Amino acid sequence: MNDSSWGAPAGSGYWGPDQGPAPAGPAYDGLQAAQTRPMPIVPDVPAGDHQDDHDRGAAQRSGPLFRDETPNEHPQEPMSSPSQPAPAAPQKKSAGRDLGAAIGVGVGLGAVIVASLFIWKAAFVGVIAVAVVVGLWELTSRLQERKGIKAPLVPLAVGGAAMVVAGYVRGVEGAWVAMALTALAVLVWRMTEPPEGYLKDVTAGVFSAFYVPFLATFVALMLTADDGPERVLTFLVLTVVSDTGAYAIGWRFGKHKLAPRISPGKTREGLLGAVAFAMAAGALCMEFLIDGGSWWQGLLLGLAVAASATLGDLGESMIKRDLGIKDMGTLLPGHGGIMDRLDSLLPTAPVVWLLFVLFVGTA
């Protein structure tokens, strides 16, 4: 039976020759549905909110009906049905930072470091001390802003700079004595404030003293050898090459996450790139830069640097995730803060110093 047998066009509201308009209500839905074409399903509208066709069309054109819908920006193209979603457009990989600024800042810092390193050793010790003080300022500032932890900056800055100088002048013993005195100064300095939070403040202070200046002191210890500038340069080159290899290989081939809960951007392929790049650079540096060094020692050195640099990077990523921040600072365009550049250098310094001592001695 078709619509004409009812004597009126479908949808006119007339349901029989002598029966008047069709009553509204669900009791007649089955009868109507049997004689008319299927109607599209539309979302229910609360009573009292009925609109005419024009208003409904305008509402549909103005925005999505549901939270997970997206407006059709191209009306001439049909919207994909929910059962067959349109394939997502491939996204181009991004470095996530301003590479131009990052490269410029990196080259500038490298020039300052190399110049101070080979012109006057004491000047490079000063560069280390300045980096330590700025790093401590960034770390303690973020701890206070995000966690309310007030690690005393003044004794940390003074003790940290003294730690670097003591390590250069008096060796390992001088570094340990300066570390102990700095920790004591933190405990005493914090006593000038109310006792609430004392334990967490001094704990964070002692941690900061060990994490930044004490580990940086091993760079000054490398510098004391006769070929100290070459040792420090090897340390810096291997760390930078390791980071570069991890970035280049991971960005191009990375598919398997290394530690997704800590640093989602790091991949196992990137780690392999760091190891390969660092081992190759280590073999070259030990063979041609270090007195008495050998290429096979460079391979071991490069492997150790790749491991320690990666762990150092992950360690600071844990700190930043706990604090809920992306970077420790904004001092270096394209890099973040000083601590964002020291993250892989700090834990690598004692590893490289120890391997140099084992391979070629301290002289």
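**Legends to close-up views of a predicted model**

**View 1. Overall order of elements.** From the N terminus on, the elements of the protein run α-α-α-α-α-α-α-β-β-α-α-α-α. This comes to eleven helices and two strands, where helices (H or I, at least four residues) and strands (E, at least two) are DSSP runs, numbered from the N terminus. The model is predicted: local features need pLDDT of at least 70, side-chain atom pairs count only at pLDDT 80 or more, and totals for chains, interfaces and linings use all residues. Residues are numbered from 1 along each chain as its sequence is written, and side-chain values use heavy atoms, with hydrogens and water left out. Of the 363 residues, 36% count as buried, meaning under 20% relative accessible area, with exposed over 50% and partly exposed in between (1.4 Å probe, protein chains only). The protein exposes about 21500 Å², of which carbon and sulfur atoms supply 65%; accessible areas come from the Shrake-Rupley method with a 1.4 Å probe, and for residues only the protein chains shown count as cover. Among contacts (heavy atoms within 4.5 Å) between residues at least 6 apart in sequence, 68% join residues at least 24 apart.

View 2. Not counting residues up to four places away in sequence, K266 touches H256, K257, L258, A259, D313, L314 and S317.

**View 3. Helix 8 and its cover.** The 21 residues of helix 8 should span 30 Å at 1.5 Å a residue, and the end C-alpha atoms are 30 Å apart, which agrees; the expected span is 1.5 Å times one less than the number of residues. Buried residues of helix 8 are E269, G270, G273, A274, V275, A278, A281, G282, A283, C285 and M286. Their cover includes helix 7, strand 2, helix 9 and helix 11.

**View 4. Helix 11 and its packing.** Helix 11 (residues 345-360) has 16 residues, which at 1.5 Å a residue should span 22 Å; its end C-alpha atoms are 21 Å apart, in agreement. L345, L346, T348, A349, V352, L355 and F356 are buried in this helix. The buried residues pack against helix 6 (198-223), helix 7 (228-253), helix 8 (268-288), helix 9 (295-323) and helix 10 (338-342).

**View 5. R231 and the end of helix 11.** R231 lies in helix 7 and counts as buried because its relative accessibility is 4%. Just after helix 11, G361 takes a positive phi of about 85 degrees. The backbone oxygen of G361 lies 2.9 Å from a polar atom of the R231 side chain. Leaving aside neighbours within four places in sequence, R231 is in contact with M222, A225, I290, F356, V360, G361, T362 and A363.

**View 6. The largest nonpolar core.** A nonpolar core is a set of buried Ala, Val, Leu, Ile, Met, Phe, Trp, Tyr and Cys residues joined through side-chain atoms within 4.5 Å. Of the 57 residues in the largest one, I128, V232 and F235 touch the most other members. Helix 6 gives the most to this core, with 14 residues. Not counting residues up to four places away in sequence, F235 touches V219, M222, L345, T348, A349 and V352.

Conventions: Polar contact = N/O pair within 3.5 Å; in protein donor to acceptor, adjacent residues only side chain to side chain.
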